[in-house]
Amino acid sequence: MSFFKRIGAAFNSRAGSFVFYALAVAAFFLLRSASWAFGWIPNYYPLGEAFVPTVFVLIILCGLTSLVYLVMPQRIREIKALGIAHVVSCVLAGALFVWTVFLAFALDHGLSGLVRNWPNVIPFLAYFALLASIPFVLLFFINMKKRTQVIISIVVAMAVAIGLAVPYITRAAASFDFSSYPLVLDIGDGYYSVVFATNSNSVGYLIIGGEVLPNDHAGRMHVGRVHNFQVPRDALDGSSYQVRAREVPALSSSYTNFGATIESPVFTFRGSDHDELNIAVASDWHNQPEKLVQAMAHMPPPDLFVMLGDYSSGYHSENDFIYNIIWAGAQVTGSEVPAIFVRGNHEMSGVYAAQIFPQLGLRSFYYQVQRGNFLFTVTDSADDWPINRTNTAEFEAGTIASTSPDYLDQQLAWLADLEVPDETLLHFSLVHIPNFDQEREQTQQQFFEQLQRLGVDMQFSAHWHGLASRFFEPYEEHSRFIVPLPLFFAGGPTDGYGGEVMASMVQANADGTVHLLGYDSTGRQLQDKTIALR
């Protein structure tokens with residue numbers, strides 16, 4: 001027997017079929033456990049958002065092919081084309097298994113992912129064992145008497161039906177509640193956006209000093225899970241407020257047919273006049289908001305939360321959006337101090353990216369905020385996946401992953417039109433990617449020239465996953481252009497896209513000094529030093 005015939009015979013044996021069936025099942029669950037990567041996969045693979053569903057279909061087809069061969073090996077051996085098709089499906093199952101192992105454990109970043117990402121895989125092990133045992137059940141089943149086969153078929157069908165129905169029954173029985181208490185964003189121009197979320201569709205209300213403000217648009221109540229309200233800063237500063245939601249049943253087409261009504265606790269919002277400011281700063285927590293909250297718990301209560309981008313790895317579900325932005329922000333601020341939102345490159349791609357702007361109630365992705373003696377200039381850096389697209393409207397909405405020269409030029413023109421602020425203000429620049437545009441050195445230079453003209457004292461940045469500061473030293477690592485400002489990196493994960501999460505606090509004083517604190521989610525202190533910016 002030739003070498004190739006031996007290989008084919010090994011694939012088409014029952015043992016070979018079982019091995020590759022098991023590999024296909026493993027690939028299915030490994031891909032499920034790698035859902036953290038679904039947001040960026042479309043940017044590197046063909047078919048875009050359809051790539052992951054297509055891979056799932058291929059895995060299922062490979063598994064079914066091996067399963068059919070296990071049940072009817074003799075019949076399939078008689079048809080040469082079916083044997084070849086089975087060999088092809090086995091090879092594909094093996095390749096998909098290898099690819100999903102690399103993806104689930106992030107092995108392109110080193111072997112540390114094997115330990116770090118096991119918690120993502122463990123919840124699926126029982127399901128893997130159950131599906132992997134199906135071939136053994138089928139082999140016994142085909143040799144049973146007809147009556148026994150009928151009884152087992154009925155029992156299995158009922159079990160499958162109940163298994164499919166239970167998640168929906170559980171979801172229907174879940175009580176209506178808040179997914180997140182309010183996050184108050186300072187969006188510039190003297191306005192806040194108050195954002196909160198519920199676990200099912202609802203209409204929302206904001207209550208300030210007894211006045212009830214409905215979340216309506218052109219006189220029509222907004223129905224959804226996320227609600228935002230734009231209110232003047234002076235209406236909320238120093239005031240007590242709460243939010244209310246009324247459930248709208250899924251099958252109801254009438255806004256008068258409400259379900260339960262819930263109200264948040266009453267929050268007392270702090271004012272904006274500060275000579276000293278505790279600024280909580282965080283970025284790049286990539287699907288780990290709980291660890292971010294753990295890290296922040298080791299620092300003093302903040303007066304402001306600066307959110308510097310990359311909260312997820314591309315938004316592919318509303319759940320990601322709620323928990324990685326709104327929930328995390330509300331937890332850190334306690335709903336009683338404001339936050340400033342900066343978009344990261346991972347918020348520029350994924351099917352849900354276009355919703356970030358309207359759902360958060362933003363007016364722009366670049367703006368200025370003044371709080372007491374402190375000024376913050378927010379800019380929106382270019383994506384680091386350089387796809388040749390220049391549609392400014394789509395880029396602003398976050399619906400494409402691209403650099404956009406027109407969009408960056410708009411920001412440079414906006415910066416050039418800003419008046420030089422009072423020199424007594426301590427001025428911070430907030431931008432996710434430190435050099436603003438990684439692809440064009442001229443744009444970088446123009447950006448920093450404007451920041452220097454505006455008297456920026458210090459820049460907060462992210463993107464490179466670290467907690468570090470460079471003061472009065474050019475920062476050249478990861479950058480073709482030197483950042484000519486004191487630079488502070490907010491933190492992020494300790495290991496690629498996993499591990500612990502680092503967070504920081506900048507305790508700023510109007511006299512020009514800043515005290516830098518940093519902790520990870522285990523409570524380990526990473527930074528504790530004072531710097532004089534002036």
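Contact, as the word is used here, means heavy atoms within 4.5 Å. In this predicted model, Ile279 is in contact with Leu304, Val306, Phe376, Phe428, Phe460, Ser504, Met505, Val506 and Ala508, once its neighbours within four places in sequence are left aside. The protein has 534 residues, of which 51% are buried, and its secondary structure comes to 18 helices and 21 strands. Among contacts with a separation of 6 or more, 72% join residues 24 or more positions apart.

**Nonpolar cores**

- The largest nonpolar core holds 66 residues, and Ile279, Phe428 and Phe460 are the members with the most contacts inside it.
- Helix H14 gives the most to this core, contributing seven residues.
- A second, separate core has 22 residues, including Ala27, Phe38, Cys62 and Val121.
- As general background, nonpolar side chains tend to be buried together in soluble globular proteins.

**Packing of helices H2 and H9**

- Helix H2 spans residues 14-33 and helix H9 spans residues 125-132; the two pack at an angle of about 150°, with their axes 10 Å apart.
- Angles over 145 degrees count as roughly antiparallel, so H2 is roughly antiparallel to H9.
- The crossing of H2 and H9 is right-handed.
- On the H2 side, the contact is made by Phe18, Tyr21, Ala22, Val25, Ala26 and Phe29, and on the H9 side by Tyr127, Phe128, Leu131 and Ala132.
- By class, the residues of the contact of H2 with H9 are ten nonpolar, no polar and no charged.
- Val19 also lies in helix H2, and with a relative accessibility of 43% Val19 counts as partly exposed.
- Val19 and Ser66 are 47 residues apart in sequence, yet their C-alpha atoms are 8.9 Å apart in space.

**Packing of helices H13 and H14**

- Helix H13 (residues 289-296) packs with H14 at an angle of about 20°, and their axes are 9 Å apart.
- Angles under 35 degrees count as roughly parallel, so H13 is roughly parallel to H14.
- The crossing of H13 and H14 is right-handed.
- The contact of H13 with H14 comprises eight nonpolar, two polar and one charged residues.
- Val293, found in helix H13, is in contact with Trp327 and Gln331 when its neighbours within four places in sequence are left aside.
- Val293 and Asp520 are 227 residues apart in sequence and 9.9 Å apart in space, C-alpha to C-alpha.

**Residues with positive phi**

- Asp310, a residue other than glycine, has a positive phi near 60°.
- Asp310 is placed in the loop between strand S11 (304-307) and helix H14 (318-333).
- A relative accessible area under 20% counts as buried, and Asp310 is buried because its value is 2%.
- His465 likewise is not a glycine, and its phi is positive at about 55°.
- The loop between strand S16 (458-461) and strand S17 (466-470) contains His465.
- With a relative accessible area of 22%, His465 is partly exposed.

- Thr443 is found in helix H18, which covers residues 441-453.
- At a relative accessibility of 8%, Thr443 counts as buried.
- Not counting residues up to four places away in sequence, Thr443 touches Leu408, Leu412, Phe436 and Asp437.

Notes. Residues numbered from 1 in each chain as written. Predicted model: local features only at pLDDT ≥ 70, side-chain atom pairs only at ≥ 80, totals over all residues. Heavy atoms only, no water. Axes fitted to C-alpha atoms, helices over the stretch in contact; angles between N-to-C directions. Helix = DSSP H or I, 4+ residues; strand = E, 2+ residues; numbered from the N terminus. Parallel < 35°, antiparallel > 145°, perpendicular 65-115°, else oblique. Left-handed = near helix turned anticlockwise from the far one by under 90°. Nonpolar A, V, L, I, M, F, W, Y, C, P; charged D, E, K, R; others polar. Buried < 20%, exposed > 50% of the residue type's maximum accessible area, 1.4 Å probe, protein only. Core = buried A, V, L, I, M, F, W, Y, C linked by side-chain atoms within 4.5 Å.
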